[in-house]
Structure formats: C-alpha cells, structure tokens
Amino acid sequence: MMRFTDIVSLSFLNLRLHKTRSLLTSLGVIFGVGSVISMMAISKGAERSALSQIESMGIDKIIIHTKKPHFDTTSGSSGSNSVSAVEDYGLDIRDYQFIKTMENVHHITTIRNTRQPITRGETRLDLKLCGVTQGFMKDTSCHLTTGRWFTEIDFKNSATICVIGQNVKRKLFPLGAKDVVGSNLRTGTASYRIVGIIANDNGTSLPEVGSPNDMIVIPSTTDMAIYGNYASESQGRRSNKAILVDYDVMLVNVANLEYIDNTSKRLQNYLDKAHAKTKDWDMIVPLDLLKQRERTQKIFTIVMGAIASISLLVGGIGIMNIMLASVSERKKEIGTRRALGAQKFDILFQFLIETVILTTLGGCVGIGLGLGLSEIVKRYAEMPTEASMTNIIGSLLISSFVGVVFGTYPAWRAAQQNPIDVLRSE
Amino acid sequence: MNDDVVVQLRDIRKTYNPGGLAVHVLKGISFSIQRGQFVGIVGTSGSGKSTMLNILGMLDVPTSGNYFLEKVNVATLSDSDQATVRNIRIGFIFQSFNLFPYLTIEQNIEVPMIYKRVSPRIRRARALELAKVVGLGHRLGHRPTQLSGGECQRVAVARSLCNDPAFLLADEPTGNLDEKTGNEIMALFHRINKEQNVTIIMVTHNPMFEPHYDKVIRLRDGRIVQTKPTDSVDELTGPLSGFGELPQDRMAADAKATLTTTAEQEGTSK
C-alpha cells in the first residue's frame, strides 16, 4: 500500500492537471451545496426573525385585541334612518373586569389607541398616542434608552407626561435634538412632557397598535382623564367619527404556562358569549403560533433535505460518469502503475481519494457560494439570513460522502483493469 | 542446481479461446536465465513474444506450465503478492516509455519506490543517484515532454532500477527511437548489465542487437526454435533438479521468505 500522503498528493496532481474538467465535474456538487447552504441560511433567518417576533410577544401571554367589525350602513341596529354617529365596539371595561378575575390570569396590561392625529404641520405622521397600564414596558419587552418610566404616582395623578418610542423620537426630532427628555410634546389640545425614550429591539408588533417604537405612550389614567371613553377618528375631511373603544389590546398574562390552553379556551368561550352580536375581537396565543411555526419549519426542513439530496444525487451521478470516462481514458496509466507494482488497492484508493477530494473541494466552493448568496440576499433583499455551523459542517461531510458513494464504482472499475491492456496497446 | 537461476520456465503453454476457437500462442516453452545474463527474446510478430513478456512480467498467467522467479512458483502467489513481486523484483521498460507526463523526471523515477513505501527523503536521494547513472542528473526537475525520446527511455531505465529488481524486462526498448539513439540505449543497457551485474531480459524483433546478448531465445510460432548458446537438453525438457521432490507449497513458502528478506535488506540498506 502506498502512503496516504502520497495518494493525496497524487490525486491533487491529477486534479490540477485537468483543472477545467475537475471544475466542471464538481459543478453539480458546488451548486447543490451552494443552494442548500444559502436556502438554509435564508430559511433559518426567516425562522429566527419569526420566532423572535412571536417570542417577543411573550409565550406566557394571551393577546386579545379589538377588531373593527364590518358596520352595515343600511341595516344598522339604530334603524334605517342614519349612520350611527358613535361606533361602539371592541373590548370594554366589563371584559376587563371579568377576565381579571379568571383563574390562572396573573395580570392584564391594556393598551388603548387614542386615535389622535399626530402631525407635523400638515403631514400626518404614522405615530400612535396610546394609553397604557403599568405592565406595558415589561409585557412588550421594551427597554428604556433614556429617562424614566411612569411611577404609581403618575398613574394616580393622571400626570400629563409621556414616554416615546425611538422611531417617534427620530420622526419628531429629526435633527437630533439633545434635550428630548424634558421637552414638551403637543398633540391637539393636550401637551405632554417627555420623561423617557423606550426601544424595542425584538421587532415586536402588536395587533392593531403596531410596534412600541412608533408609540407615544401615556398613562391609561391620563388617557381616560383627557379623552374619556371616546376616541375620535377622522374619516376624511368633513366627518369626524367618534369611536367608543375601551381597550385596543389586552395582554393577558397567565400565572401557569401549563394551563394556557385551558385559559385561552375559557377566554374564547367568554368572549364568544359576551360579544355574541358582532365578532369585534380576536385572540392570539403566541405559544400556539410558536408551535405551529415549528411544525411548519420541520416540514420545510424535510422538503429542503429532499431537494438537496436530489441535487447531490444528480451531482454525484455526474461525477461518477466523468470518473468512469476518466478510468477508460487513463487505462495506460493504470496499466503502467500496475506493472510498476501498484496493488489493486492502490489504484482503487487513488481514484476514490481523487473523487472524494473533488467532491469535498466542490463542497467547500459550494459553501463559499452559498454564504456569498445569503450575504447578497441579506444585503440587497434585506432579509435576515443565518448560516449555521451545523449546516456548513454537515454539507462538507455530505459532499465527502457523495464522493465515497459515487467514487467507489469507478475506482473499483479502475482497480479491475487488466494490466496487459497497456502492453497490448503498443 | 544453480542458485543463481533468476528465471526458470518449464513447459509454459498459453492458449487463448476467442469464440470457442482455441489459439495456441505458446506451445511449451522452457528455459532458464542466470543472474547477470543479458538475454534477448527475439522473433517476428505473432511469434508469441509479447505473450511471453506478459507471462514473464506476471501480467498474464500461463494456461499450463510453471514459472519460477527466484525459486518461487509465481502461480502460488496471490494477486497482491504478485504486485509486490512486480514492484521489487521486476523492472519494466516499455517501448513507448510510459512515463507519467504530469510528473517530473525525479517523481517518475520515484513511482515504484512510492508503492514500496520508501520515505520521501530516501526516494529523492535514490532518484538522483539513478538519474546520474543514466546521465540525466541535471534534468530532475524537467517533465517528460521536455525530453527527447532517448532521454525518456533513460528515465524509464532509471525508474526500472530503483527497487534493485531481480531482472529488467524490456519490451522493444528501442522500438520508438532512431537508430543512433537506439544504439545509445543499447549501450546503456550493456553498461548496466556489465557494471552493475543486472540481469536483463529484452524482447525485440531487431536482429541488429544480437551481439549484445549473452543468450538469445528465438521464438517462432509459439516455440523456441533456437537458443544461443544452446541450452542442455536437460534444461529444456528434463525435470527440474532439486525442485521435483519438494512439495509445491513448501517451495512457495521458502521463496516468499527469500523475497521478504530481500525486501527488508533493501529497506534497511538505504
């Protein structure tokens, strides 16, 4: 038997000798591995951002929110005479009172969008003024970047103060004013002193009200004191419709995660009964979403694996084909080597190692290609991608394995060559 | 029994059977070759000399008869052992040189040593030494394509010598060369034979080189028609003295031991 190092260096020599052919041969593996790596990275990134979004809502919560029902203008409850001036729908104080006393409910954080237009000059900014309860910060996984959060006393006194999201700060103070905290914010008739700036880095997006980053947050008591039960919403230029919504979002925190299914079912039953007339609410259970997402991901991974193995199979067959051609082309070399004392094993290993090196190098190039592709996607399509070390090492091992599987037969054929052929061919 | 018999053939027959029609290529060949002899196997095309060469080189097996290489009946060896014997006991030289074009001269000379697992350092030293013997010590880094035919054949000779074989087996070594270069190669063989006492078996149809040979075996139609100097009748047809009474396997075992000790000696001597 030859030394292993000699076999390897010989294989490299042969591959270098046929650079173009080696490259073309391993293209199948290169693209196979490349597409697998990039698709895995993209799907992993998508999964990660979806999961973190779900997780940032909090898996120990049940989110119920107000959903604007479809108001039938011709056959409303008030008869056929006119469109009702006040739209009364959604989660109300009774729901709050009831849910608060339900078993396994730890606490509820409520958010109400006051629907006040936030404008700079004539332009309406995509910002929301929301009245929230004390648990808001924690339950929406926000953190303070500067300033402070509301105290119990602020709530008790209905203080006219606010905390703004980081996007709000950017939009309202585009020039990067230094003393944002402490300055006053005017909306409509009210004026609020900014006491803090919050940020949410998880991409949390709550139903109806959106990201905390786009919110101007005021204490719920202040909201009640200034705007009362009516939140107004401008409907075009002329009409200003009054909307009676007590709560847009309730973040129901459960005490025991094990019974979250049960709790959500009871909540559903209650709301079905209490809002029997119109379905003006909806419920999200992040834990369910998470589980569902994980199931989807599992299926996706299986499908990806199947596609990957097909592409590697095709690549492998291509390699086998070329190696078989190479064996008959190199009959003379094989015969000479056998005459000079090569064992069948030496020939077998020479060709096998050559194939394995080819596919492994192809795998390496493929990994580079895949990482490059996912980087391009990340940069230009602005999708999060995440290349995992497991995938990289896995692809490398699999491409070597493809070499072994599809290299064995050609190598065996090479070893079985009759050395007489070389002398007879003279 | 002469201990210095390198090759002994006894009633070698080879029959090919293409499509049910038996073709008798060798019809009972017997001869022996002493260590240090320069033997020419001559004959026209179709005389069976290529088949003879394949059998001597252990690339083909005879249909019947025995081939003893340094007292070993090669028929008893496994495929792997035969490869080992080819590696360390036979030095092949081909008509078209059969150098590897992608290897340098030095690497080409090293190939049989690679299969013998000689360490790279010793390989290089030996390659240099042999390249000097054939007069190419200054061209180790070149590739075969940069060399003339005669130089290529010199490289092949150096390669065949690298494992100190029992004999060189040269197949029409001058067949692809012009007359002058051919003569130079013959002179090289002659020198190696005389100075280093290397046994050489050369298969050729060229009658010009006959004066070089210590022994000429002339084949025609699968039979030896002439041996110069004439072998004794005993050697040609008679029983092998000293071999006949030994059991076959015992012989093989003894001979294998000889082979391995030779290999070890060579391994340690470098």
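Which residues of α6(B) are buried?

## Helix α6 of chain B

The model described here is predicted. In α6(B), the buried residues are B:Gly182, B:Ile185, B:Met186, B:Phe189, B:Ile192 and B:Asn193. Viewed down the axis of α6(B), these buried residues fall within an arc of 120°, so they line one face of the helix. An α-helix has 3.6 residues a turn, so residues three or four places apart point the same way. On the other side of α6(B), the exposed residues are B:Lys180, B:Ala187, B:Lys194 and B:Glu195.

Helix α6 of chain B covers residues 179–196, 18 residues in total. From its first C-alpha to its last, the helix reaches 25 Å, close to the 26 Å expected at 1.5 Å a residue. After α6(B) comes B:Asn197, which has a positive phi, near 55°.

What covers the buried residues of α6(B)? The cover includes β3 (38–42), α5 (149–161) and β8 (199–204), which belong to chain B.

## Nonpolar cores

In soluble globular proteins, nonpolar side chains tend to be buried together. The largest nonpolar core in this model has 109 residues. Those with the most contacts inside this core are B:Val39, B:Met52, B:Ala158, B:Phe167, B:Leu169, B:Ile200 and B:Ile201. The largest share of the core, 10 residues, comes from α11(A). Apart from this core lies another, of 45 residues, among them A:Ile99, A:Ile108, A:Leu129 and A:Tyr192.

B:Leu169 can be taken as one example from the core of 109 residues. Leaving aside neighbours within four places in sequence, B:Leu169 is in contact with B:Leu53, B:Leu56, B:Gly57, B:Ile90, B:Gly91, B:Phe92, B:Ile93 and B:Ile201.

## Contact between chains A and B

How many residues does each chain give to the contact? Chain A gives 19 residues and chain B gives 25 residues. On the side of chain A that touches chain B, the elements giving two or more residues are α1 (4–17), α10 (331–339), α11 (344–380) and α13 (420–424) of chain A. The largest share of that side, 4 residues, comes from α10(A).

By residue type, the side of chain A that touches chain B divides into 9 nonpolar, 3 polar and 7 charged residues.

Technical notes: Residues numbered from 1 in each chain as written. Chains lettered and ligands numbered in written order. Predicted model: local features only at pLDDT ≥ 70, side-chain atom pairs only at ≥ 80, totals over all residues. Contact = placed C-beta atoms within 7 Å. Nonpolar A, V, L, I, M, F, W, Y, C, P; charged D, E, K, R; others polar. Core = buried A, V, L, I, M, F, W, Y, C linked by C-beta atoms within 7 Å. Buried ≥ 20, exposed ≤ 12 C-beta atoms within 10 Å, placed from the backbone. Expected span 1.5 Å × (residues − 1). Arc of directions from axis to C-beta.
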